[in-house]
Structure formats: structure tokens, C-alpha cells
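The sequence and structure are shown first.

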Amino acid sequence: MATPLRRLPALLQSGGSIAIAMAIMNVSTYGFTMIAARVLGPRSYGALASLMATLLVITVLQLGLQATAARRIAAEPTHVAQIERTILGVTYRAALALGVLLLALTPVLNSLLRLDSYATAALVSVVSIPFTIMGGQAGILQGERRWAPLAVLYLLSGVPRLVIGTALILVSPTEFAALIGTGIGACAPVIAGWWFLRRPRAEGAQSEAHGFRRVMAETFQNSQVLLAFFALSNVDIVIARNVLTEHDAGLYAGGLILTKAVLFLPQFVIVVAFPSMADAGQRRRTLSISLAAVAVIGVAVTAGAALLSDLALVFVGGDSYSEIAQHLWIFAVLGTVLAMLQLLTYSVLARQGQRSAYLVWGALVAIVGLGLATSTLRGLLSVVIGVDSALLLLLLGISLYVIRPTPDREPVPSHR
């Protein structure tokens, strides 16, 4: 019988290492979030939460690059050298362009997020650069199924933020210090990614399909689909800061800590499943198994939040957020719905569907319109869960229809 120590190398070379690394990353990330919620308090943490939500929306470019690289390499491994070279070229240019754009939008961010600090708003542009670069690096490793190096990138995406960010907010308990810690921590996986990809590659087959313009076009398409999802999953905190009192907006932000934990807890499922979802012959089975896995994780956390609300409150931020203790399970339900929506969104990217993204944009408009008409925490939460659940059922039905096998066992081609 193999000992656990002997199994370790095999585990690190399998998708299991991603699950471990992303679990540590999420624990570290949300450990920092919980510490920040306690140290900063509801008012300042509400500002930080809106900044982090903005960064999550901005990182759609990072995730678009990652999805493009992973899909192309998984689908055409004989062109890996060309794809890697093109992806990295696109990545560096895109990171710089995004940074410049966000710097120009500093006054808009300062006003929209009600930060009262141009320095804090400008810092978002700097932090976006390492976030974006990591996307291209991670996508190459994901497409090649180099799970151990990819796991290191995920580990370094969480642990340095926890250590550096905590140290900075203990010295200066402000959202500005917290954002600086986030930016410094984001440089660690970029350095590791450069190290893993530094070796020269032998030139393989060449194809015009993997040229600069086509990779840029796919990255843009993937990014706009992910932008729709991340805007959908983060716009509620911005709405909360405009329709609720500062205190209630801070409470809502505290509840979203649990929502985001449930959203990102099963993210390893998406990372491991995505290359297989790019394979037309494996899409339906992979999607079904992955959705079931995400649902089980979400139900388990929701049950825990309902039965152990006092314990869940500790993970949200402590007694300062006791007013929402009995509602935490509802925030967990929202996280479960969003996690399943995220998986369906990546399924759309894997099959290069286009029309389904319009539904996500429509849901975003609905949440903004209905959310701005609310005036209570419970009312806003009900609107968000209702719209997201309707979108989940609609996308699931479309996805199962589009990838259904035809009589000759081939999936139905579609841009839906």
C-alpha cells in the first residue's frame, strides 16, 4: 500500500494540487478580508469592499487572457509554442493599456465609489497590472495541464496578500494601506509565472489562427463575457453604497464575505474542468459532473451558515455584524447561485458561444434597475437572488440544449 508521502508527487502532478492550492489561496484571501473587516470597521471596510469588487470586475481581462490561452492550448497542443508567444505578447500590452485607462478614470472611480481619496482611486490602476499579467501566465500552464506550477501561482495569489496586507493595515488601518498590500502581494505570482515559463521552446507548427489579431479578438470576446458575469456578481455592493445607509452598506458588505467565500470555494472545479469543456466530446459529461460538485459544496456551506450562524458570524467579521447573523444563510445561497453561474459562464467560453452573454448583460441591467428601487438590506438581497436564480435556470437550459448529442453523437454546433 502506498504511503501518503509516496502519493504526494502524483498528487502534485494531478488536478488535486489545484484544489489544495486554491483552498489555501481562498483561506488566505478571506482571512485577510475577515481581518480587514475587524480592523477597519463597517464604514472603512465598506469602502475597501467596493474597491475589491472593482478589482474583481477589472480582472476580467486577466481571466479572459487565461481562458483564451487555456482553450487554445488544450484544443491544439501542437501549436503551444506559437500560442504561448502570442499570449504573452498580448498580455503585456493589455496590462499596460488597462493601467493607463484606469489612471485616466481615477476621478470617475473616486466619485462612483465615494472614496474621497484620489490617491486610493489611482492606486487601482497600478494594482491592475500584475493581476492582468498573471492571467496570461496561468492560462498557458492551465492549457498544458501543468498543475503543480499553476498551483504555486494560486498559492502566491493568496498567502502574500494575507501576510503583507495584514501587516500594513495593522500599522495604518485604512483602505489605502489594504490596497497597497493587495498590489504588492499580486507581484509574487507574476514572478513565479515568469520563472516557470522562462525556458525556451522549440518552434512547433504555425497557424494564422493563433496570430496576434485573432488572439486579441478572442480575448476581447472572453473578457466581455466575464465582464458581464463579474459586473453582475459585484454590482450589488455599489448599489448598496448608494441606496442604503453607510452602516447598512457595511453590514451588506460583511454578508458578502460569505457570498464570495461560497463563490470562490469551488473555483478549483472550474480550473480543472475547463480544458475538458473545450473538448466537444467531453463537454456534456464534464458540465454535469462539475455543476453537481459545485452545488454540493454550496449546499453544505449554506446548511452550516443556517445551523451555526454564530460561528459563521466569526468568519464574517465578528459582533460588529451581529445584525445580519440570521441572514447569513441567505448570503450563502447567493454565493451558491453565483458559483453555478460562473461555471456555466466558463462553459460558454469553452464552446465559444456568443449569444448567451447577452442574457448576463440583461440580468445586470435588471439588478441595477430593481436594486436602485430598494431601500432595505433584505430588499436588495431578495432582488439580487431572484434575478441571479432566473438567469441560472435560463443559462442551464440553453447550455444543455446546445451541447446535446445529435444522432451521430456529435454536439450541435451553435453560437448560443
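## Basis of the description

Helices (H or I, at least four residues) are DSSP runs, numbered from the N terminus. The model is predicted: local features need pLDDT of at least 70, side-chain atom pairs count only at pLDDT 80 or more, and totals for chains, interfaces and linings use all residues. Residues are numbered from 1 along each chain as its sequence is written, and side-chain values use heavy atoms, without hydrogens and water.

Helix 14 covers residues 328–350, 23 residues in number. Its first and last C-alpha atoms lie 33 Å apart, close to the 33 Å expected at 1.5 Å a residue (times one less than the number of residues).

Just after helix 14, Gln 352 adopts a positive phi of about 55°. Ser 356 belongs to helix 15, residues 356–371. With a relative accessible area of 4%, Ser 356 is buried. Its C-alpha atom is 9.9 Å from that of Leu 344, twelve residues away along the chain.

## Lining of the largest pocket

Helix 2 (16–58), helix 3 (60–75), helix 4 (80–104), helix 5 (106–112) and helix 9 (212–243) each contribute at least two residues to the lining of the largest pocket. Helix 9 provides the largest share, twelve residues.

Notes
Buried < 20%, exposed > 50% of the residue type's maximum accessible area, 1.4 Å probe, protein only.
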